[in-house]
Amino acid sequence: MSDKKRIVIKRRLIPEPTQPEQQVGELTGAQEVEKQGPEPQEIQVQPTAQQPTDNYEEAIKSFDNIQAKLREIREMDRSIQRVFKKWDEVDLRSVKKKLNQLSDERNALLSEAQTCENLLNEALGLLESRMSELEEQLFDRLVEVEFLRSRESSLSGAESERLKALEAEVEEYRNRIAEIKKQISDLQVKLDNIRSLPRTIVKLTTSTEEAEPLYKELVAKYRDEARVASAIEKIMQDEGVSRPYAIIHLWKAALKPRVSGQ
């Protein structure tokens with residue numbers, strides 16, 4: 001019997017790669033994070049944080065600028081009247097040329113007033129929208145307050161704190177809504193003022209302080225107000241000037257001392 005040799009085959013064990021396992025582990029971890037979703041973030045609700053104040057302030061500034069220019073034109077008109085009354089060398093023909101310049105300024109201001117009207121309308125619309133939003137939010141909180149108060153005796157500590165917070169919010173909403181209502185009312189008055197300018201600008205920019213005392217002098221002199229009024233009306237029609245200038249023209253012709261510069 002022959003001896004049998006034993007053949008031993010040595011196999012090298014190939015170590016399993018560690019990198020795929022690491023990748024699998026990372027992938028699994030990522031999947032778990034993805035399943036969990038992002039961490040919740042606190043949402044801070046600030047009922048009165050967003051306000052259309054920029055539009056409101058821009059509209060108010062535009063309106064105030066219109067009013068300042070109206071006063072400026074009126075002061076210029078008064079200055080013209082003073083010079084016309086004071087100086088013999090200044091006649092109605094020269095005055096009418098200056099009044100044409102004032103008329104051009106009035107027309108330019110009316111064009112500017114259209115831009116102001118647009119700004120007021122825009123600000124008004126934004127405020128009304130904001131107030132509507134606040135009223136809806138106030139309603140939601142009032143309902144929640146009423147619900148919590150209906151079971152006040154059985155509220156938990158957290159619910160009691162929630163009720164107090166809601167009551168404070170309700171007061172904030174009411175104050176903000178009242179403030180916006182006041183702003184809306186203010187804008188509406190200003191808008192009516194601007195819209196009426198085509199009808200009122202001449203009156204608003206024509207001074208009466210210089211001429212009215214002269215009118216009283218004329219009436220006292222002639223003791224016939226109807227006659228004086230008729231003469232003034234004729235000058236207005238013939239010369240195309242406003243009443244103060246017709247009064248000054250008549251007064252200069254009838255009563256003014258002939259001393260230049262007085």
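User: How should I read accessibility in this structure, and does Arg-223 count as buried or exposed?

Analyst: The general idea is to take the relative accessible area, found with a 1.4 Å probe and with protein chains only, and to call a residue buried when the value is under 20%, exposed when it is over 50%, and partly exposed in between. Arg-223 counts as exposed because its relative accessibility is 77%. Please keep in mind that this is a predicted model, in which local features need pLDDT of at least 70 and side-chain atom pairs count only at pLDDT 80 or more, while totals for chains, interfaces and linings use all residues. Residues are numbered from 1 along each chain as its sequence is written, and side-chain values use heavy atoms, with hydrogens and water left out.

User: Where in the protein is Arg-223 found, and what is its phi angle near?

Analyst: Arg-223 sits in the loop that runs between α6 and α7, the latter covering residues 225-239. Its phi is near 50 degrees, which is a positive value in a residue other than glycine.

User: How do I read a contact list, and with which residues is Leu-109 in contact?

Analyst: In general, a contact means that heavy atoms lie within 4.5 Å. Once neighbours within four places in sequence are set aside, Leu-109 is in contact with Ile-66, Lys-69, Leu-70, Ile-73 and Ile-201. Leu-109 belongs to helix α3, and this residue is buried because its relative accessible area is 3%. Although 36 residues separate Leu-109 from Ile-73 in sequence, their C-alpha atoms are 9.9 Å apart in space. For the whole protein, if we count contacts with a separation of 6 or more, 79% of them are between residues 24 or more positions apart.

User: How do I read a polar contact, and which side chain does that of Thr-205 meet in this way?

Analyst: A polar contact is a pair of N or O atoms within 3.5 Å; within protein, one must be able to donate a hydrogen and the other to accept it, and residues adjacent in sequence count only if both atoms are side-chain atoms. The side chain of Thr-205 pairs in this way with the side chain of Arg-106, at 2.6 Å. Thr-205 lies in the loop between α5, residues 197-204, and α6, residues 211-222, and it is buried because its relative accessible area is 0%. Apart from neighbours within four places in sequence, the residues in contact with Thr-205 are Leu-70, Ile-73, Arg-74, Asp-77 and Arg-106.

Notes: Helices (H or I, at least four residues) and strands (E, at least two) are DSSP runs, numbered from the N terminus.
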